[in-house]
Amino acid sequence: MRPRYGTHVLPRRDWSLLDRDVLGWLVGGGEPDRDLLMAIQEVRLIIEPAAAALAATRSTKQDRLRIEAALVGMETSHDQESAIKADKAFHLAILDATHNPVLQGFRGAIDTILSAVFLVAVGSPGWFEDNLPNHAAAARAIAAGDAKKAKTAMEQVLGYTQFKLSKRRATATPEGITRVSTAAAKKRKRKPHVS
């Protein structure tokens with residue numbers, strides 16, 4: 001009989017941070033720490049503009065219809081829940097339109113990443129409305145088959161989101177982890193938002 005050693009937690013550098021369960025655990029119970037959120041945005045800036053460019057050259061008519069339907073859903077959303085659902089559908093439809101199985105393997109991570117961004121975006125004035133034109137430009141470029149414009153438009157979508165996230169007030173927690181403060185935002189009327 002071997003002695004039992006229990007559960008060992010590896011150092012964070014050894015965690016699979018793109019795993020949906022790990023990401024969900026890290027951002028689940030409350031607001032994600034600011035450094036993690038900014039790292040997540042960096043990953044999005046690497047993956048999503050390239051995915052938009054591929055989608056522009058590889059998307060089928062059905063793919064383009066899904067992207068357009070998600071955009072219409074964002075434009076006509078009437079509450080936070082419908083806005084989040086449509087925004088996620090938009091980004092995931094673009095990922096699917098690459099027809100690259102490795103990129104499509106990031107669906108779960110991107111879905112979880114978007115949830116983390118939405119958690120912080122709640123209540124941020126203008127987040128949704130001000131970024132809709134950037135989303136529309138990405139959809140138009142993909143529909144036109146213009147990879148360069150699609151990439152640039154998605155960089156604008158994500159750049160706007162990163163700018164808004166970087167402007168959020170950071171506060172230190174007792175554990176010494178920097179978290180994004182949304183206390184003031186929660187006092188404001190909640191509006192739909194976009195990533």
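Threonine 161 has a relative accessibility of 0% and therefore counts as buried, a class that requires under 20% relative accessible area, with over 50% counting as exposed and the range in between as partly exposed (1.4 Å probe, protein chains only). This residue is placed in helix H8, residues 147-166. A polar atom of the threonine 161 side chain lies 3.1 Å from the backbone oxygen of valine 157.

The model is a predicted one, in which local features need pLDDT of at least 70 and side-chain atom pairs count only at pLDDT 80 or more, whereas totals for chains, interfaces and linings use all residues. Residues are numbered from 1 along each chain as its sequence is written, and side-chain values use heavy atoms, with hydrogens and water left out.

The protein contains 9 helices and 2 strands; these are DSSP runs numbered from the N terminus, with helices (H or I) of at least four residues and strands (E) of at least two. Read from the N terminus, the order of elements is α-α-α-α-α-α-α-α-β-β-α. Of the 195 residues, 45% count as buried. Among contacts with a separation of 6 or more, 77% join residues 24 or more positions apart, a contact being heavy atoms within 4.5 Å.

Helix H7 (residues 127-144) packs against helix H4 (residues 80-96) at an angle of about 30°, the two axes lying 12 Å apart. H4 is therefore roughly parallel to H7. Axes here are lines fitted to C-alpha atoms, for helices over the stretch in contact, and angles run from 0 to 180 degrees between N-to-C directions; under 35 degrees counts as roughly parallel, over 145 as roughly antiparallel, 65 to 115 as roughly perpendicular and the rest as oblique. H4 contributes Ala83, Asp87, Phe90, His91 and Ile94 to the contact, and H7 contributes Phe128, His135, Ala138, Ala139 and Ile142. By class, this contact comprises 7 nonpolar, 2 polar and 1 charged residues; Ala, Val, Leu, Ile, Met, Phe, Trp, Tyr, Cys and Pro count as nonpolar, Asp, Glu, Lys and Arg as charged, and the others, Gly among them, as polar.

Helix H3 (residues 61-75) also meets H7, their axes coming within 10 Å and crossing at roughly 165°. H3 is thus roughly antiparallel to H7. This crossing, too, is left-handed. From H3 the contact draws on Arg64, Ile67, Leu71, Met74 and Glu75, and from H7 on Phe128, Leu132, His135, Ala136, Ala139, Ile142 and Ala143. Its composition is 9 nonpolar, 1 polar and 2 charged residues.

Asparagine 134 is another residue of H7. Its relative accessibility is 19%, so asparagine 134 counts as buried. Leaving aside neighbours within four places in sequence, asparagine 134 is in contact with Ala153, Gln156, Val157 and Tyr160.

Alanine 147 lies in H8 and is partly exposed, because its relative accessible area is 23%. Not counting residues up to four places away in sequence, alanine 147 touches Ala53, Ala56 and Thr57. Alanine 147 and arginine 58 are 89 residues apart in sequence, and their C-alpha atoms are 9.7 Å apart.

Histidine 99 is located in the loop between H4 and helix H5 (101-104). Although not a glycine, histidine 99 has a positive phi of about 55°. With 42% relative accessibility, histidine 99 counts as partly exposed.

Methods. A polar contact is a pair of N or O atoms within 3.5 Å; within protein, one must be able to donate a hydrogen and the other to accept it, and residues adjacent in sequence count only if both atoms are side-chain atoms. A crossing is left-handed if the near helix is turned anticlockwise from the far one by less than a right angle, and right-handed if clockwise.
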